[in-house]
Each structure stands twice: as C-alpha cells, then as structure tokens.
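Morning, everyone. Please have a look at the structure first.

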Amino acid sequence: MAKSVYYLHFYNRSLMIEVITGIFYFLECKMNLKVLKTLEYDKIINRLSELATCEAGRLRCQQLLPINDIEEIKVMQQETACAFNRLVKFSDVSASGTTDLRPSLARLELGSSLSIEEILAVANVLEVTKRVAKYGSQMEEEDALSFYFNGLSPEVQILNEIRRCIIDEETIADDASTALFDIRKGMQRTNEKIKSVMNSMLNNSTTRGYLQEPVVTVRGGRFCLPVRADYKSRVPGMVHDQSSTGSTFFIEPMQAVDLNNEMRELQVREQDEIERILAILSNKIAEASEGIIRNYELLTEIDFILAKGRYAIELNASNPEFNEDGIINLRGARHPLLDPKKVVATDIKLGEDYNLLLVTGPNTGGKTVSLKTCGLLTLMAQAGLHIPAKDRSQIAVFDDVYADIGDEQSIEQSLSTFSSHMVNIVHILEAINGGSYSKETEKLIAENKKDFVYSKVIHGTKEEQKVPQFLILIDELCAGTDPKEGAALAQSILDRLHVLDVRTMATTHYSELKVYALSTEGVENASCEFSLETLSPTYHLIIGVPGKSNAFAISSKLGIPADLIEDAQGRLSDDDKSFEDLMVDLEQKRHQVEEDAAEAAAALKEAETKLANATAKEEKIKAQREELIRQAHEDAAAILQEAKDIADEAIRDFNKFGKGGGNISAMEAKRAALGKGVNKSKSKAKEKQEVQENHNVPTNLHVGDKVKVLSMNLTGNVCTAPNSKGDVTVQMGIMKSTVNIKDLVLIEEEDKFVPKKGTRVKNMTYGGFNKAASISPEINLLGCTVDEGIAKLEKYLDDAYISHLTSVRVVHGKGTGALRAGVQQYLRKCKNVAEFHLGEFGEGDAGVTIVTFK
C-alpha cells in the first residue's frame with residue numbers, strides 16, 4: 001500500500017461490517033479521509049445519511065466506501081435502481097423506531113429478563129418490521145430488494161402479546177395475567193377501605209380539630225394524617241414523618257395500620273407478578289431472538305438502500321454503464337453539491353481515444369469543478385450510488401484513485417505550495433508502480449496496456465500481477481515555480497503517466513502543455529468555455545480545443561489601462577502570438593461547427609417529421625381507397641344480383657305465359673311498377689338538379705372553409721383560393737378535386753372558433769384536413785431528452801387545445817423519472833391545462849400522464 005496521503009484504496013464489501021470497518025477506518029483511513037475530503041465524497045455521505053430514517057441506517061450510510069469489484073458494484077447499483085423504482089411507484093416507508101437490540105438480546109442468553117423499556121424496544125422493531133414488510137409486498141414481481149423484504153419476520157404473536165401486556169414504559173396492563181388482575185382488584189378494595197377510614201376520621205369534628213389541615217397524605221407508601229404537634233398524643237397511631245418546623249407530625253391512625261399492611265403486601269405481590277410477566281415475555285423473545293436480530297439487520301440494510309434511492313431521486317440521477325477498460329464517458333454530468341438550479345451540465349470523456357486530458361482556460365472558469373466532478377462521480381458510482389448524469393453514461397471501475405487538488409502549503413513542514421504539490425506527485429508516482437517498475441517493464445506496459453501481466457516480488461514470493469487501472473486528477477500541475485522549468489517538469493510527469501497508460505485528467509495554464517497535447521497521440525486538449533462579453537465562465541467543458549487564459553481581455557474589462565495592455569501584448573514573442581491567434585481561430589471555427597451542426601440536426605428532424613406525416617397520410621388514404629373500392633364492389637354485386645333476380649323472375653313468368661299458365665295482367669302490373677320506380681328515381685334526380693341549379697354562389701371563399709360540392713353531393717374543405725376562372729381545390733375525404741365555385745355551397749359551422757380581437761389565428765387545416773381530425777389524442781416522447789420532449793410537448797399541446805380536444809395522453813415512460821418530472825413541471829406552468837395526473841392501472845401507470853384542458 002502506498003504512503004501517499006492522496007491514495008484511495010477501494011476495500012472489499014465483505015470487510016464493511018460495523019466493527020471491522022470502524023477499526024479499519026481508525027487505523028488505515030488517514031489517506032482515505034484526506035482524499036474523500038479532497039473530492040468532497042464525505043459531503044455526499046453526510047447528505048446520504050440525512051436521508052436514512054433510523055440511526056442504524058444512518059450508521060450504515062456513514063460506512064459506505066467505494067469498491068472495485070465490478071460485479072458487486074452492479075449488484076449495488078441494481079439495488080439502488082430498485083429502490084428508486086419502488087419509491088416512485090409506491091411512495092416511501094420509514095424505518096424509524098429501529099434500534100439495536102443485540103446487547104439486550106445477548107443478556108437473554110445468560111438467563112436474565114428484559115426491562116419494560118427493552119421489551120417495548122423489541123415491540124417497536126417488530127412494528128417497523130411489520131410496516132416495512134407490508135410495503136415490500138406491494139411489488140408483485142421479484143426485484144433485487146425482494147430478498148431483503150421477504151426475509152423479514154414480524155413475529156406477530158410476540159408483538160401482539162407485548163402490546164396486550166404492556167401499555168407504556170411505566171404501566172403493565174391489568175389483564176396481563178389473571179393473578180395480576182386479582183391482585184389489583186384486591187388493591188382497589190383495600191384502597192377504598194383505607195379511604196373510608198380516613199374520611200371518617202376527617203369527618204369527625206373532634207379529630208378535625210387536631211389536624212393541621214383536613215387532608216390525607218402518603219408517607220413511605222402509607223396513608224397518614226397531618227396532626228398538629230400539640231395534639232400528637234390525642235391521635236393514637238404510628239408516626240412516620242415530621243415537618244421541617246416540627247409543628248406537624250404525620251401519623252398513621254391505628255385503625256388504618258392493618259389495612260396499610262395489607263396494601264403493602266398486595267404491592268409486593270403485584271411487583272412479583274410483574275416480574276414474572278416480564279420473564280415470560282423475555283423467554284418468548286429469547287426463542288425468536290435470531291429472527292429479531294435478522295429483522296434488525298435487514299431493516300438497517302433496507303433503510304440504507306432506500307436512502308440511496310431517495311438520494312438518486314433528489315439528484316435526478318441515473319445508473320451508469322460500467323466497464324473495466326478505463327473508459328469514462330459522462331453525458332451531461334453535474335456536480336452533486338452545486339445548486340441544481342445553477343449547475344451547468346457538461347460532458348467528460350477519457351480513456352477511449354486518449355488516456356490523458358489536459359484542461360486549460362482562465363481562472364474561475366470551471367476547470368477544477370470539472371476535475372472534481374469526474375473524480376466524485378467515479379467514487380459515487382463505485383460505491384453503488386446513482387450519479388447526476390444522463391442515461392448511458394459510462395464509468396470505468398478503477399483499482400485506485402489519486403487526487404492532487406487545492407493549495408496545501410504547509411508552514412509546519414516548511415513546504416511551499418510547489419513543494420507540497422511535488423511531495424504529493426512523488427507519492428502518486430511511487431504508488432502507481434510501487435517503486436518497482438523497471439524501464440523494460442514500463443516499455444512492456446506501454447505496448448500491451450491493460451492486458452499486460454508482469455512479475456513482482458510480494459512478501460518474498462514472486463507473483464504474477466496484472467496492471468491495475470488508475471485515475472489521476474491533478475490541479476495546476478507544477479504551478480508555483482518558474483514557468484519554463486515548471487512546464488518542462490509537468491510535461492515529463494504527464495509523459496510518464498501517459499506511457500504507463502494511466503487515466504489522467506489535469507489542469508494547467510502552461511502553453512507548452514497545450515502544444516504537447518496537440519502533438520502527442522493519446523493526449524487531448526480540453527478547455528472551459530469563457531464569455532468575454534459577460535466576463536464570466538459558461539462552465540462547459542469543450543474537448544479537443546485548448547483554452548485561452550484571456551488575461552489581456554479580462555484585465556481590460558476590469559479597467560487596466562489600454563497602454564499597459566498594448567505594452568504587455570508587445571512583449572509576447574511571435575510564437576506566442578501565433579499560438580494565441582490559432583486558439584482564437586479554433587474557437588471561432590468550433591462555434592461555427594456547432595451552429596452548423598445544430599441547424600443540420602433541426603433540418604433533419606423537420607424532414608423526418610414531414611416524412612413521417614406524409615407516410616401516415618399515404619397509408620390512411622390507401623386504406624380509405626381500398627375501403628371505397630371494396631364497398632363499390634359490394635354495391636355493384638348487389639345491383640347485379642337484383643337485376644339477375646328480376647330477369648330470372650321475368651323469364652319464369654314469360655315461360656308460364658307461353659304455356660298458357662301465365663297471368664299477363666300480373667306481368668303487366670309488375671312491369672308498370674318497375675317503370676314507376678325508375679321514373680321516380682329520375683324525377684328525384686331531376687328535382688335535385690333543379691334545386692342544385694338554384695343556389696347562391698359563394699363570393700368570398702377562404703382556405704379551410706367547409707363547402708358542399710353539389711354535383712358530387714359531398715362535403716369538404718377548400719385547399720386553395722379561387723383562380724381567375726373561379727376554380728378551387730376541394731379536399732373531400734380521401735379525394736381531392738378541382739371544382740368551380742358555381743358548383744359549391746358554403747356551409748356555416750355552428751361551433752366556430754371566434755378569436756379575440758387583435759389575436760392572430762393560425763390556419764387550422766393541413767392539406768385540406770381539419771386539424772381536429774388529424775391531431776392525435778396521444779403524444780409519444782419515449783427516447784427524448786427532457787429538453788427535446790418539452791419542445792415537442794409544447795407544440796403538441798397548442799395544436800390539441802386549438803383543435804378543442806378535452807384531454808390528451810402524454811407517453812413519457814418510467815425510466816429514471818427525469819422525463820416524467822420535466823413534463824409535469826412544464827404542465828404546472830401551462831395556462832391552458834386544468835389538471836393532470838399519472839395514468840391509472842390500464843392507462844399506462846407511471847409511464848403516462850393524462851392532461852385535461854380548461
């Protein structure tokens with residue numbers, strides 16, 4: 001184990017039981033506590049502990065350390081994910097009331113009995129067990145937490161017996177046993193007799209005159225009268241007490257002595273019976289002690305895991321993907337300790353195309369935050385905590401993490417800032433190779449990377465060792481000394497880490513290191529974006545572009561005289577100026593590329609939407625056309641069948657007439673009836689035509705107006721304005737036709753939308769279809785980010801509201817809950833939304849939100 005105070009070793013989870021962890025923490029954690037504080041992991045644990053609901057759960061949270069077993073990490077992450085899902089689906093459950101019963105139950109093994117307080121503590125744990133077990137049973141399908149919930153044993157019989165016998169910490173119930181019931185009944189009767197004797201003496205006028213005051217008092221558990229000192233001899237009995245002034249004696253009257261003795265005996269019997277009852281309850285608890293202890297341990301673990309789920313919800317965190325290849329790909333990562341309303345999400349990549357990332361830029365630009373975010377999220381993920389980053393973020397499982405961040409100047413050790421940092425760097429380099437890598441070994445590691453296995457002598461034995469994965473975080477490498485020497489030394493240190501394939505993220509102001517990153521394969525520049533207009537950082541990490549310190553621009557904005565700025569710029573060498581010009585050019589090109597990419601993405605999205613709409617319309621038209629053709633075939637077949645039936649009947653009648661058996665008058669009547677039917681149809685068509693010729697031609701048609709085409713007897717919507725000949729295009733169902741306005745009748749809609757004065761109204765038709773007919777009552781946001789989903793939802797809700805839909809369904813899925821939370825937060829601000837709620841059983845459950853308009 002290395003000596004560096006910045007070395008973090010991930011312990012196996014099996015060591016993290018309370019006693020061993022406590023001793024281990026005390027003996028070995030000088031380095032761990034240092035690095036956890038440096039990366040602020042201790043603050044994460046403190047917040048996690050606050051989310052636990054019982055003391056044991058809080059202690060379990062305080063003991064949480066990162067580990068390096070990828071399979072166990074995945075199990076812990078799965079437990080956190082299941083806790084997240086249960087909390088979202090079934091709300092929350094508290095383990096408050098869970099106390100450590102193990103010391104009390106250990107005494108039972110020695111044959112002792114528990115006190116009332118200890119028995120009630122057992123009952124409280126069983127109550128919590130019963131409540132938590134019921135909460136766990138709500139999940140019908142098995143998940144990673146089912147093992148814990150199914151292992152709970154509420155011991156209902158013992159719980160009920162305790163509640164029956166014990167009322168509170170000072171009271172045993174009368175019916176705890178038959179004997180106790182009888183004893184207390186006897187005490188009640190004796191007490192009434194004593195009161196009767198005392199009251200008779202108080203009511204006696206002679207005795208009353210002897211008393212200091214007419215009351216009954218208790219001294220030493222016996223009923224007494226306050227007798228004045230000068231009448232002491234007048235009241236026969238036992239003196240139990242005297243007032244401080246000596247003016248009053250508290251005397252137990254002789255008539256009440258026997259009754260008080262009887263009461264005392266009953267009290268002793270009562271106490272003996274109570275002890276017997278407690279012993280019986282203790283024996284029952286002892287028989288179930290193993291199960292009760294297991295309940296305590298399971299409740300502790302459940303509360304700990306649910307605390308992780310609560311923290312994941314609070315951070316809007318997700319479960320990352322893990323690998324052992326040293327690849328970090330954090331998408332939209334946020335530092336968990338910064339204000340969630342102000343923190344800027346950023347992307348951090350390391351370990352795939354390059355193993356060393358150099359972050360440059362001005363001070364207060366966010367370099368150190370990016371460094372800490374990378375390290376802290378790695379620690380959180382390896383501790384089984386979800387991380388505040390987007391889905392599909394990747395985290396590498398590292399054997400060790402090192403950090404040299406912050407000014408650690410030591411006055412006591414006479415170390416400057418530079419010297420202090422160098423001491424830390426030495427410790428880091430020693431820890432990485434154990435001080436034993438030869439030049440040949442380093443060369444082999446560089447060639448074989450993570451697959452290399454080398455020999456190392458451990459405790460006198462030669463063993464095969466696989467090169468471990470390290471994450472190194474260094475802030476302002478080799479700062480605080482001569483810039484030229486510091487840059488050269490920093491480059492040598494980074495080159496050594498690069499050769500050993502160590503994942504390294506470092507911040508610097510040295511231009512030489514920017515050039516080193518540009519010219520070295522496997523090393524990449526990055527910068528924290530800075531706005532010169534607002535003189536403030538944007539905190540976006542830009543990978544692939546080195547940053548500028550912007551010292552001249554910042555100084556000028558802050559008021560440094562222009563002549564001083566010009567003089568300083570003149571002192572720069574031509575190479576320095578060329579390099580800075582290159583940085584500016586790269587920055588401008590980056591902005592242009594980002595703008596072009598955004599425009600291209602928007603255009604592609606719009607094209608995909610139009611293609612999807614066109615495809616849907618084409619499928620709909622195709623289906624309607626096939627339905628019309630099918631219906632036409634059926635109608636034609638029916639007409640042909642009717643004609644055939646008439647013809648067959650006519651032939652049969654004619655044959656009968658030819659044979660002399662037919663009734664010619666009946667045939668003539670049928671023929672006349674058919675003729676009348678034909679004439680009637682012609683008459684109706686003629687009347688219709690006459691009606692059609694007498695209509696009012698519309699003079700002011702607009703696109704979207706509803707009209708009736710007289711020649712076709714169909715209704716539709718106007719798609720184009722009339723041309724010079726008066727022809728317009730009308731969409732009638734699946735058919736679109738060019739019709740003259742003389743063949744149209746304008747249909748006035750009864751429930752027509754009337755816009756407010758001064759309000760601009762959008763056209764409500766698309767390609768001739770009324771929007772209400774084409775708008776779907778459901779929108780699918782699956783696969784969208786929160787920003788993409790909100791943009792789609794905003795446009796959809798506007799269209800749905802204009803189309804007079806009363807309610808719609810928003811499908812956002814369950815996932816991590818981030819999209820659902822974003823949708824519901826947006827809906828709260830919508831003025832047109834009357835109310836919304838999660839879908840019920842059969843409506844999509846928590847994956848769907850039902851929205852009702854005003």
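Over the ring of which residue does the charged end of R219 sit? The ring belongs to F250, and the charged end of R219 is 4.0 Å from its centre. Keep in mind that this is a predicted model.

Next, rings with rings. To describe a pair of aromatic rings, we give the distance of the centres and the angle of the planes. How many aromatic pairs does a search of the whole structure find? The search finds five. One of them is formed by F147 and Y148, with 5.3 Å centre to centre and 75 degrees between the planes. That pair counts as edge-to-face, because the angle is over 60 degrees. Are the two partners buried or exposed? F147 is exposed, at 54% relative accessible area, whereas Y148 is buried, at 11%.

Now the helices. For two packed helices, the description is the angle between their axes and the distance between the axes. Helix α17 covers residues 483-499 and helix α18 covers residues 511-519. Their axes come within 9 Å and cross at roughly 30 degrees. Angles under 35 degrees count as roughly parallel, so α17 and α18 are roughly parallel to each other. The crossing of α17 past α18 is right-handed.

Terms used
Residues are numbered from 1 along each chain as its sequence is written. This is a predicted model: local features need pLDDT of at least 70, side-chain atom pairs count only at pLDDT 80 or more; totals for chains, interfaces and linings use all residues. Side-chain values use heavy atoms; hydrogens and water are left out. Rings of Phe, Tyr and Trp (its six-membered ring) pair if their centres lie within 6.5 Å; planes under 30 degrees apart count as stacked, over 60 as edge-to-face and the rest as tilted. Buried means under 20% relative accessible area, exposed over 50%, partly exposed in between (1.4 Å probe, protein chains only). A charge sits over a ring if NZ of Lys or CZ of Arg is within 6 Å of the ring centre and within 35 degrees of the ring normal. Axes are lines fitted to C-alpha atoms, for helices over the stretch in contact, and angles run from 0 to 180 degrees between N-to-C directions. Helices (H or I, at least four residues) and strands (E, at least two) are DSSP runs, numbered from the N terminus. Angles under 35 degrees count as roughly parallel, over 145 as roughly antiparallel, 65 to 115 as roughly perpendicular and the rest as oblique. A crossing is left-handed if the near helix is turned anticlockwise from the far one by less than a right angle, and right-handed if clockwise.
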